[in-house]
Amino acid sequence: MISKHTVLTAQKHRIIFSPSGRSIVVTEGTSILEAARLASEPLPAECGGRGACGKCLALVLEGDVPEYRVIHRKEGLSEILACQTTVRGPLTVHALVESELPKLISCDQSIGMAPLEAWAPWPLKLDPPAHINSSEDLGVAVDIGTTTVRLLLIRLVDGVIVGEASAYNPQISWGADVISRIIAAEKGRLDDLAELIRRAISAMILETTTQATDDADLIRAYVVAGNLTMIHLLLGIDPSGIRRVPSEPAALAFEPVDASSLGWPGRGGVMVHTIPAIGGWVGGDIVSGILRIGLPRQSDGISLYVDLGTNGEIAVGGADFAMACACSAGPAFEGSGIRCGMRADQGAIDGAVIDMEKGTLELSIISGGAARGICGSGLISLADALFRAGWIDRIGHFTDKLPDPYRLDDKHGRALRLSQKKKIALWERDLAGLIRAKAAIFSGIRTLLDSLGIGAGDISRLVVSGNFGRFLNLPAAAGIGLLPDLPPEKYVYVDNGSLEGAALALLSKDFMLELESYLRKITYMNLSEVPSYMDEFVSASFLPHTYPEKLKG
Amino acid sequence: MSLKLQPKKWPGKIREVTLGAGNRQPRTVGGGNGLPLHTFEADFPHRPVLALEVTDINPPRWLDIVREPWEGLLGKPADAARKAAEQYGADLIMLNLMGTHPDRGGRSPDQAAIDVEAVLDAVRVPLIVKGPGAGAKQNDVLARVAEKYHGEGLVLHSACQEDYKTLAAVTVAYGHVLVSESPIDLNIAKQVDILLSDVNINLDRVLIDPLTGGLGYGLEYTYSVMERIRLAALGGDQMLNSPMICLVGEEVWKVKEVKVSERQEPRWGDQETRGINWEVATAWSLIEAGAEVVVLRHPDSLARVRKILDAWFAEGASNNTR
């Protein structure tokens, strides 16, 4: 006997995204953000779709949405949060906040460079991990960051960079930080996340090979560095163990995989190597970075390596040993979590100087023009200038010295006015976010140094790395107590230690072997298990520090 | 053969802070150059002082057992203060302006000033004035009082990290003493003192309130934070060497072990004795950790702590090895 079922077929509707024109058919009840993800429309959702960040704000150009989801009406059109609004009919929506992720500022300076000459920390000979068939053969080095992805295309026969690309990590629509991404993976979205990053890198490869007029099929090898969550997600491996306590990643090191399994170009048997990690929160990106700066071959003294990102990573050591830790600095350095924050992009305030005599503030803006927001380095410069001028006190509150033309009071509290026309300003709560971020980094540094029984004065070299670090004003960073206050000659800047290390590993098997053997000399320190960390954090939550002598000695 | 103890010498000492001026008989606290109560190896020019708490309104939450000694005087701060100073032997008075809190009647700064004036007229001991708690109202009330009774060397309770500028300004302008409050945290205690000295307060006019809980309610956290503050001070830290004040009474008389009656818990014994024991044990522990100003609610507690202090300092003087 055949039983009769009443099958309720859910209605399906087409959602069109403007202005890209991308469209997708989804089932009724799907959220618009979900539709955007399915359509590969890069709708930002830093909170991961919890309705918290407001970045997925969109205008409904055509169609019908639930009335109670309408936040605002503009000329008869409804504004809604894509993550909170479900589809109940055909729609055309227009994203209101940076609908297309902006391109990163290009850094063409590395094309034509030979990493083995420019970056090798000790003499390395050209010896790629793949067999070279022709003088045209290529290799690819990639750094996958939580926020940005960078890629270098290198000619293997002579080790010269022939192309480069950078892009925002498209997984950002699942949240700005690694935890949100892990949670998304746990909720069954692992394949989607893997697909997003694989496709983004494919697109970057295509872009660079076209730009270099090379054939993507000539690629013989890939080396990828990134934090351990990014590597898990790339390989489609469940990352949920990373965020649990104790952190238990699926693995710290992975066997090379075939490029075709990731959908990447390369003719038969081209392998993708990943840089091994030290712990769940100290990934191959930092291993790559500390090898890039030559820690294993450092003849004397102790180096401090700081990678400033959403997740700050710190290592300290020399030839025989290193200690490493990770600390959650939060998104302030990347311009997020700040009311007028933005990435280091055109229109971002990236520097500030206060003329004490005239009582005026001079801003520097990336690519000139009108200020659109404040990026991480601008935030640090501003905080340092404000503190030096006495316009803010040591906890980041504005003082009576703040001149009236710059003073702004509104529902968000007191702020420094940065633009007359648009409402670009820096609020006290933004400064509080910055102080927490810098305290997280500095207390991480102090905790590592303390574990070795040394002070900041014993550091012979301080290496700053990270997308953000490239724009960093070092004196300002020391001025607010983000980094130790050392003589300028001790500071070294690496544009992207992780990517540069990956490039070296792509060109030299020796480098990769040294990397693997140095791994055993690195001790991972979990700051949440160090009893004094909280004390260090509170004492660093002050400008420049509760114990300013700790910045020096 | 006898064992000769070497007295421990420290590079730093506690600041001397004088409470009360003008029409007050001033009391100085601090000045010690050794660990608290180490009378056998260090000099203590001033003993810890004991204050009793009086209130501007009839305090709604006080237990009957601690109301009893103040029968007919609660909400009459001048009369209560007179009794505290003359009969109960308080070294100083803390006037708790709890009635200025918006939830407790929201008395105005001018009404608060009238209460302060009445107490100032009634007694000549120094006066601690406690506002309704951090916020705009606290600043309004204490600023008004500070301005009106300038030169009396009032102890204003209190400024904290998030809100210190108004009270710092009136302390400097009108010659008072300011309590810097921190949430049981060594670093924040130091940060508030640095912030205060940045706005030109002489730290000889500052007391640190490290905040405390009653015995059994986190006292040990305060104890170790106070110990660390004191060790830092003796080690020479100029931003942590202010004398410390502890508001013991308000913490003790709200804990379960004090609130439960003998009828409910016969094995715990007489409720009043228990409450006083609790207040004395808490107060003495904090004095051992370095408290120089202790604010109590029950006059019997004050009498007992006084007795221990007298005995300690008398013995300390005769046992002095130096």
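Predicted model: local features only at pLDDT ≥ 70, side-chain atom pairs only at ≥ 80, totals over all residues.
Student: Hi! In which sense do strand S20 and S21 of chain A pair, and over how many bridges?

Tutor: Strand S20 (residues 413–417) and S21 of chain A pair in the antiparallel sense, over three bridges. Strands here are DSSP runs of E with at least two residues, helices are runs of H or I with at least four, and both are numbered from the N terminus. Two strands pair if DSSP finds at least two bridges between them.

Student: Which residue is the bridge partner of A:Arg417?

Tutor: That is A:Ala425, in S21(A).

Student: What order do the strands of that sheet have?

Tutor: The order is S19-S20-S21 in chain A, an open sheet of three strands with antiparallel pairing. Its edge strands, each pairing on one side only, are S19 (407–410) and S21 (425–427) of chain A.

Student: Switching to chain B, how many helices and strands are there?

Tutor: Chain B has 11 helices and 10 strands.

Student: And what share of its residues is buried?

Tutor: Buried residues make up 51% of the 322 in chain B; buried means that 20 or more other C-beta atoms, placed from the backbone, lie within 10 Å of the residue's own.

Student: What box do its C-alpha atoms fill?

Tutor: Roughly 70 × 55 × 35 Å for chain B, taken along the principal axes.

Methods. Residues numbered from 1 in each chain as written. Chains lettered and ligands numbered in written order. Buried ≥ 20, exposed ≤ 12 C-beta atoms within 10 Å, placed from the backbone.
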